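Please open the model in your viewer and keep the sequence beside it.

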Amino acid sequence: MKPLLKILIYNIYSAVTRHLKVASSLTFAKNEEGQIMSIWSAGYVYDFFSHMTVKGAVTQLSEVNVLVEEKLSDAISVSLSGRVNYPQNEYKFGLGASLTL
């Protein structure tokens, strides 16, 4: 499958509170058949204290994404992620660790 040719991207970003940020995106793209299509998504980022972040997003394709990241120290963080696509019956989950030198 060839990548889409993005024609126009419109983003809205807002810091609702000191800890909560929200965003939405509308992209118009041309597919390989030359048809113009739109892709919509919305997401949020919430910072718990200074060591934990929760990120989430939903798209018009019924796809839901969530990422939880916790900093154990300045150099080490642990992540847990999940992605659900209901129409295609896909459920993906992951666990990760990061070391910053």
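Which residue in S3 does Lys30 stand opposite? Select Lys30 and then Ile36, for Ile36 is the residue of S3 that stands opposite Lys30. Before going further, note that this is a predicted model, in which local features need pLDDT of at least 70 and side-chain atom pairs count only at pLDDT 80 or more, while totals for chains, interfaces and linings use all residues. Residues are numbered from 1 along each chain as its sequence is written, and side-chain values use heavy atoms, with hydrogens and water left out.

Next, select residues 20–30, which form strand S2, together with residues 36–48, which form strand S3; the two run antiparallel and are joined by eleven bridges. Strands here are DSSP runs (E, at least two residues) and helices are runs of H or I with at least four, numbered from the N terminus, and two strands pair if DSSP finds at least two bridges between them. Between the strands of this hairpin lie five residues, and Gly34 takes a positive phi near 90 degrees.

The C-alpha trace spans about 50 × 30 × 30 Å along its principal axes. Finally, colour the residues by accessibility: of the 101 residues, 14% count as buried, meaning under 20% relative accessible area with a 1.4 Å probe and protein chains only, whereas exposed means over 50% and partly exposed lies in between.
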